[in-house]
Amino acid sequence: MTTTGRRRRMAAVAVVVAVVWTGASVTAYADDPPGSSSSSPPPVIDANSPELMLPDGATLAPAKVLDIKQIVEEEGGEQRREDTNVDVTFALQAEVLFPKNSAKLSPAAAARIRAIAGEVRTQGSGKVRVFGFTDNLGTYEHGLKLSKERAVAVQQVLARELDPGTSYEIRGYSEDYPIADNRTEEGRKKNRRVEVSFPRTAPPPAAP
C-alpha cells in the first residue's frame, strides 16, 4: 500500500510490569473481543527479595504485563495497523469497504483486502480472525447481522488469496468493543469497521 499523499500517526505503548503493594490496585482494561490472542504471562517475581525494599508488612499484588503495541493509522483513520508481540491486526473502516448499511464489497475493497492477505502470507500464519463491528446507531440485533455479514464478505476475499488450509474465526459484534466515542460521527466512523488479525511469526517492525 502506497503512503504517497498520506500522513500516518504512530503510537507505541511500552511493556509495563506493574508491581504494587497490597491495598493499591492496578487494572488493565482489555479492549480486545473474545477470541483475540492473549498476552504473554507475567514474569515470576520473588516477593521476598530484599531488593524490592518493601515497607514492613507490605506484600505484592500480582504482576501484570501489558504487551507492546505499535499502531499506525492512515490520516482519517481509514485503515489502522496494530502490532504486538503476539499478533497483527488490521482495522478497515466500513466506509472504505462497503456502501452504507450494506455488506456488499465496494470495487476498491478487494485491493485493500489482498494487501492484508499478503501480510498474512509474509507472517506464515495459518489462522486468521475476521471480526465485524458497527456503531451504536440502529438496533443491536441489526448490528449483529450486519457486522457478521461484513466479516464473512471480507473472509471470502481472503480465502481466495490464502492457502486452502488456512482456518478462520469469523464473528460479528455489533456495537460491542468500540475503539472511539460513539457520541460523535468521527468516533462512530472508526467503530464501523472490520478487523483482520493473525498470529505473528516475526518481530514487530522497528519504530521509525
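**Labels and their criteria**

Reply: The chain exposes about 11900 Å², and carbon and sulfur atoms supply 54% of that area. Accessible areas come from the Shrake-Rupley method with a 1.4 Å probe, and for residues only the protein chains shown count as cover. This is a predicted model, in which local features need pLDDT of at least 70, side-chain atom pairs count only at pLDDT 80 or more, and totals for chains, interfaces and linings use all residues. Residues are numbered from 1 along each chain as its sequence is written, and side-chain values use heavy atoms, with hydrogens and water left out.

Me: What is the average pLDDT of the chain, and over which residues does pLDDT stay under 50?

Reply: The chain averages a pLDDT (the predictor's confidence in each residue, from 0 to 100) of 79, and 73% of the residues score at least 70. Over residues 1–30, pLDDT stays under 50. Where pLDDT is low, the predicted coordinates should not be read in detail.

Me: How many helices and strands are there in the chain?

Reply: The chain has 3 helices and 9 strands. Helices (H or I, at least four residues) and strands (E, at least two) are DSSP runs, numbered from the N terminus. Along the sequence the pattern is β-β-β-β-β-β-α-β-α-β-α-β.

Me: What makes the reach of helix α2 close to the expected one?

Reply: Helix α2 (residues 140–161) has 22 residues and reaches 32 Å from its first C-alpha to its last. The expected span is 1.5 Å times one less than the number of residues, which for α2 is given as 32 Å.

Me: Why is T89 called buried?

Reply: Buried means under 20% relative accessible area, exposed over 50%, and partly exposed in between (1.4 Å probe, protein chains only). T89 has 14% relative accessibility and therefore counts as buried. This residue is found in strand β6. Leaving aside neighbours within four places in sequence, T89 is in contact (heavy atoms within 4.5 Å) with R80, R81, E82, E195, V196 and S197.

Me: Why is P62 called exposed?

Reply: P62 has 65% relative accessibility, so P62 counts as exposed. The residue is found in the loop between β2 (16–18) and β3 (64–66).

Me: How do you know that D83 and R200 form a salt bridge, and what does the pair tie together?

Reply: A salt bridge is a side-chain nitrogen of Lys or Arg within 4 Å of a carboxyl oxygen of Asp or Glu. The side chains of D83 and R200 meet at 2.8 Å, N to O, and the pair is a salt bridge. D83 lies in strand β5 (residues 79–83) and R200 in the segment after β9, so the pair ties together parts that are 117 residues apart in sequence. D83, at 2% relative accessibility, counts as buried, and R200 is buried with a relative accessible area of 10%.

Me: What separates K145 and E149 along helix α2?

Reply: K145 and E149 meet in a salt bridge at 2.7 Å, N to O. Being 4 residues apart in helix α2, they are separated by about one helical turn. K145 is exposed, with a relative accessible area of 52%, whereas E149 is partly exposed at 34%.

Me: What makes up the largest nonpolar core?

Reply: A nonpolar core is a set of buried Ala, Val, Leu, Ile, Met, Phe, Trp, Tyr and Cys residues joined through side-chain atoms within 4.5 Å. The largest has 23 residues, and V154 and L158 are among those with the most contacts inside it. At least two residues of this core come from each of β6 (87–93), α1, β7, α2 and β9.
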